[in-house]
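Hi,

Here is the structure I promised to pass on to you. Please have a look at it first, and then read on for my notes.

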Amino acid sequence: MTVRQQAGGALDSARPALVVGALGVVFGDIGTSPIYTLQTVFSPGDPHPVPVSADNVFGVVSLVFWSVMIIVTVTYVLLAMRADNDGEGGIMALITLLRRWKGQRAALILAGLGIFGASLFFGDSMITPAISVLSAVEGLKVVEPSLEDLVVPITAAIIVVLFLVQRRGTAAVGRVFGPVMILWFLTVAVCGISGITRHPAILKALSPTYALGFLGGHFGTAFFALAAVVLAVTGAEALYADMGHFGRRAITRAWLLLVFPACVLSYLGQGALILDDPATISSPFFLLGPGWSRLPIVLLATAATVIASQAVITGAYSVASQAAQLGYLPRLRIVHTSESTVGQIYVPWVNWLLMVSVLTLVFAFRSSAALAFAFGMAVTGTITITTLLFFFIARKKWHPPWWLLVVGGGLLLIVDLLFVAANLTKLLHGAWLPLLIGLTAFTIMITWQRGRAIVTAERERHEGSLREFVDDLRAQRQSLRQVPGTAVFLNRGKETAPLALRANVEHNHVRHEHVVILSIDTEPVPRIADGERTVVDELGYADDGITHVSARFGYMETPDVPGALRLLDPARTEGGLAIDDASYFLSKIELRRGAEPTMAPWRKRLFIATSYITADAAEYFRLPGDRTVIIGSHIEI
């Protein structure tokens with residue numbers, strides 16, 4: 001039984017706890033969308049405002065309901081979450097699945113598109129904390145209009161505290177916030193029901209005829225409204241990305257039994273309130289409750305939006321970690337914040353970058369309505385790319401009939417592309433921001449991947465053949481001094497000799513009794529069982545004390561080199577290895593710009609600049625600092 005299968009059994013045996021945990025981590029973003037969605041649709045500050053009329057209210061509420069139904073329930077919950085990579089979900093999991101069809105041009109193009117979708121997620125991770133916390137704190141204006149000037153400072157303070165506590169991990173946060181989110185959704189549902197009682201006819205908006213009639217009869221108005229309607233589905237990617245932590249069943253049940261009904265009731269209640277009093281479009285969510293409840297609801301909403309921010313922040317850690325493991329980003333310093341829960345990580349560099357970016361957005365836009373124009377672009381782009389990748393993988397994995405793919409995929413893509421087109425109309429009003437963030441992140445990732453391939457090729461040329469080097473060592477064994485102990489040389493594979501080993505032999509004329517040449521292989525699966533962790537090659541001689549070990553790790557794991565070496569059987573390594581006293585050798589490469597036209601000059605500069613954020617190799621691979629030797633060299637790109 002694999003680690004993932006064991007984990008899967010645990011998921012099934014702890015369903016109630018997992019559902020509560022999922023509520024505390026996964027649904028914060030989409031669960032707080034009712035705060036600002038309808039308010040944004042009817043906002044008079046929108047460049048293309050939707051006039052308040054009975055027909056428009058019924059049409060918008062129906063559009064919101066069916067958008068959530070089609071995109072979240074159908075695309076993500078019923079379809080995309082079935083395309084998992086050994087239990088893990090999210091757009092990076094889809095990319096790793098696509099990499100299995102390396103020879104196919106379509107798979108390569110879609111994988112590149114998937115990287116752009118992951119890049120857009122970084123934009124989402126910056127905008128979500130800003131818009132979510134701002135929208136909640138803006139409720140203070142409903143309670144007391146004179147507090148308006150305090151909205152931005154209070155929001156900034158909450159965001160700073162949120163990022164400062166990230167290093168403590170999210171396990172405790174999930175346990176605390178699960179019950180908070182249950183209270184939130186129950187409150188949202190009750191307030192929605194109270195609104196519906198004012199104008200029960202709003203329930204007719206559940207019929208798709210109102211959404212279709214609004215699109216068909218008032219297409220100009222409805223089309224522009226889609227740019228705000230999409231706010232109702234923000235956080236859909238989080239349902240998929242966090243599947244590995246909670247399981248598909250727990251997320252599905254939480255969505256269908258609590259989150260979806262509560263959100264729908266809130267949208268219906270807000271629609272009824274606007275029908276009853278059009279002046280409430282200024283803040284229909286907070287005005288749903290009675291006057292005495294508004295301050296408690298603002299406080300509860302603030303807690304819920306912090307949870308929403310927590311979800312995308314941890315998602316950004318996960319995406320950055322997976323991108324680094326797959327070779328799209330440099331090796332990043334990763335802190336595991338839980339000894340018992342796999343995947344609970346903290347990435348300091350990403351954390352501080354997000355904090356600065358979020359605070360910049362808060363002070364630049366100063367309101368949730370202004371940020372809403374930027375928010376939709378990131379969301380619709382990621383959703384559309386996820387849909388495309390899913391249907392390609394579905395065809396390869398399950399071989400459904402073509403007509404089903406064309407009809408089903410075509411209908412879903414038409415919906416997605418309508419949202420993308422509508423958000424493009426907001427390009428000059430803020431939608432450029434997530435595109436700029438996404439393009440920047442995409443450029444960095446593909447430049448790093450390309451530069452890494454160039455450096456690897458040049459490094460292999462310098463290193464020379466490992467087999468030939470081992471043959472030379474055997475021929476020199478009479479003249480070469482051998483010292484007791486174990487030396488571990490980290491290398492990129494077993495085709496070439498490590499630069500550190502070559503330098504040790506050529507300059508110091510010495511080798512250790514036991515030499516382990518270790519390469520780290522990141523597999524396109526989340527985790528590797530210990531029984532499958534290592535592969536040993538004696539490199540042609542069973543008596544020279546030189547072996548090559550491939551240590552295999554999943555893309556969700558941080559490599560632990562000493563831990564992997566302790567799993568080795570002495571019979572396979574030409575004798576026992578003294579792991580507790582072993583010396584570790586690393587080759588440190590200094591990058592320089594060369595004259596060869598390998599990349600554009602600006603991309604060379606970007607690649608070298610990006611290399612400076614690379615985490616310390618000894619710390620990343622968990623090597624003992626007092627027994628690690630670093631030997632330097634330089635390579636031109």
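This is a predicted model: local features need pLDDT of at least 70, side-chain atom pairs count only at pLDDT 80 or more; totals for chains, interfaces and linings use all residues.

**Two helix pairs**

Two packed helices are described by the angle between their axes and the distance between those axes, so I give both values for each pair.

Let me begin with α19 (residues 368–398) and α20 (residues 402–424), whose axes lie 9 Å apart at an angle of about 165°. Angles over 145 degrees count as roughly antiparallel, and α19 and α20 are therefore roughly antiparallel to each other. Their crossing is left-handed. On the α19 side the contact includes Met377, Ile383, Leu388 and Phe391, and on the α20 side it includes Trp402, Leu405, Leu412 and Phe419. Gly376 of α19 takes part too, as do Gly408 and Gly409 of α20. Sorted by class, this contact has 12 nonpolar, 7 polar and 2 charged residues.

The other pair is α17 (residues 294–325) with α18 (residues 348–365), packed at about 135° with 10 Å between the axes. That angle makes α17 and α18 oblique to each other. Here the crossing is right-handed. Ile313, Ala316, Tyr317 and Ala320 of α17 meet Val350, Asn351 and Leu354 of α18. By class, the α17–α18 contact comprises 6 nonpolar residues, 1 polar residue and no charged ones.

- β5 pairs with β6 (residues 546–554) in the antiparallel sense over 4 bridges, and Val536 has Val549 in β6 as its bridge partner.
- β3 (residues 481–491) and β7 (residues 583–592) are parallel, with 3 bridges; Val488 is bridged to Tyr584 of β7.
- β7 and β8 also run parallel, joined by 9 bridges, with Leu591 opposite Ile635 of β8.

If you look at the side chains here, remember that in a regular strand they alternate between the two faces of the sheet.

Best wishes

Technical notes: Residues are numbered from 1 along each chain as its sequence is written. Side-chain values use heavy atoms; hydrogens and water are left out. Axes are lines fitted to C-alpha atoms, for helices over the stretch in contact, and angles run from 0 to 180 degrees between N-to-C directions. Helices (H or I, at least four residues) and strands (E, at least two) are DSSP runs, numbered from the N terminus. Angles under 35 degrees count as roughly parallel, over 145 as roughly antiparallel, 65 to 115 as roughly perpendicular and the rest as oblique. A crossing is left-handed if the near helix is turned anticlockwise from the far one by less than a right angle, and right-handed if clockwise. Contact means heavy atoms within 4.5 Å. Ala, Val, Leu, Ile, Met, Phe, Trp, Tyr, Cys and Pro count as nonpolar, Asp, Glu, Lys and Arg as charged, and the others, Gly among them, as polar. Two strands pair if DSSP finds at least two bridges between them.
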